[in-house]
Amino acid sequence: MASSSSLLSEDQLLCSICLDVFTDPVSTPCGHNFCMVCLRECWDSSLHCQCPVCRTAFSTKPELRVNTFVSGLAAQFKNSEKEKADSMEVFRALLRCIERSQAELLEVMEEKQKAAERQAEEFIKELEQEITELKRRDTELEQLSHTEDHLHLLQIYPSLCRPPHTKNWTDVSVGPHLSVESLRKSLSRLQEALNEEMEKAVVIELKRIQQHTVDVTLAADTANPYLVLSNDGKQVTCGDRERNVSDNPERFDRCPCVLGQEGFSSGRCYYEVQVRGKTDWDLGVIRQSSHRKGMITASPKDGYWMVFLRNGTEYATVDSSLVRLSLKQAPQKVGVFVDYEEGLVSFYDVGTRSHIYSFTGQSFTEKLYPLFSPYLSYGGRNSAPLIITPVQL
């Protein structure tokens, strides 16, 4: 199915009065659309109530109500335009970082070049002084070679035997030293600046995807018998004894997991889960037909897109292979985002507004369900619940 953005152009979403994208669009009886404020002002400033486009006259002023369909298309076009603008601003910021780093590196290299030139000039002066001294000594020796005052020659001979003081020039080199080190430092600073800009980009990205928040409730008929769900279906913990529940095909029998009640097979969805106080947990999504019985391999090829924590500090995921995740700090709340058509599953640290991991280029062909595992309690050490929390926009 084609998206609305591919069916409509910007011109079709422009108000013919203000020439901007519709805001609170309303439709006239003749079928033309305008911004509500624009049409009201047009009618208030005219003696006749008529359509500004086709000039159809209305005997009575029509009651104006927002056309929700056109309004939705206009909003989607504006969201899309904002997304493009935000993305372009991120790239402009990255380019500014690179250009600034390049300018700083060139400045450093030019300063080193000037310092090398000054050093070379000093060396030239020293060499010229040594040459002058040697020429003076050569002149003296030439004159003494013709003297007949042998007594005077014997008196000054010891001083003539001593060579004039000269520098050992074999170890002297001229050049802009540490150019490789300068480049390394410049690249290191550039990396830091790029990381800062990337963090800003994640903040923008997270704000955007939070607009696709969905209400997720835990499905009791999928919960492992050891799991305990809250009455509102928003919290799950692992108990110390097995509950007496039916062993239906949807229920996990070995792994301490539970699914969300609501699945999705199109569009985008986002939800947040509190993981504070836990040493072990699993979060992600699975496809509807994935195995739920026995031991499970949580990998994309088996229909599992997961991130997990073990032993309080070991964060990891399984993509094509095991991937160790290095996080700056332990997340207190994790955001999960799915773009079905894009084949994307992403995880975020909501507190630091940073990216944790993304599965990209996936191919979804059936319904996906959120998966939650509070993991084993370990005698109370990991007894804190996983909590599906409201998203603060």
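## A charge over a ring

In this predicted model, Arg310 lies over the face of Tyr375, and its distance from the ring centre is 3.9 Å.

## Aromatic pairs

A pair of aromatic rings is described by two quantities, the distance of the centres and the angle of the planes. The structure holds 8 aromatic pairs. One of them joins Tyr357 and Phe359, whose ring centres are 5.1 Å apart and whose planes stand at 80 degrees, so this pair is edge-to-face, the label for planes over 60 degrees apart. Tyr357 counts as buried because its relative accessibility is 15%, under the limit of 20%, and Phe359 is buried as well, with a relative accessible area of 0%.

The rings of Tyr375 and Tyr378 have their centres 6.4 Å apart and their planes at 45 degrees, so this pair is tilted. Tyr378 has a relative accessible area of 38% and is therefore partly exposed. Elsewhere, one aromatic cluster is formed by Trp305, Tyr340 and Phe364.

Which residues are buried in helix H2? In this helix, which spans residues 36-44, the buried residues are Met36, Cys38, Leu39 and Trp43. When H2 is seen down its axis, these buried residues fall within an arc of 165 degrees, so they line one face of the helix.

Terms used. Residues are numbered from 1 along each chain as its sequence is written. This is a predicted model: local features need pLDDT of at least 70, side-chain atom pairs count only at pLDDT 80 or more; totals for chains, interfaces and linings use all residues. Side-chain values use heavy atoms; hydrogens and water are left out. Buried means under 20% relative accessible area, exposed over 50%, partly exposed in between (1.4 Å probe, protein chains only). Helices (H or I, at least four residues) and strands (E, at least two) are DSSP runs, numbered from the N terminus. The arc is that of the directions from the helix axis to the C-beta atoms. Rings of Phe, Tyr and Trp (its six-membered ring) pair if their centres lie within 6.5 Å; planes under 30 degrees apart count as stacked, over 60 as edge-to-face and the rest as tilted. A charge sits over a ring if NZ of Lys or CZ of Arg is within 6 Å of the ring centre and within 35 degrees of the ring normal.
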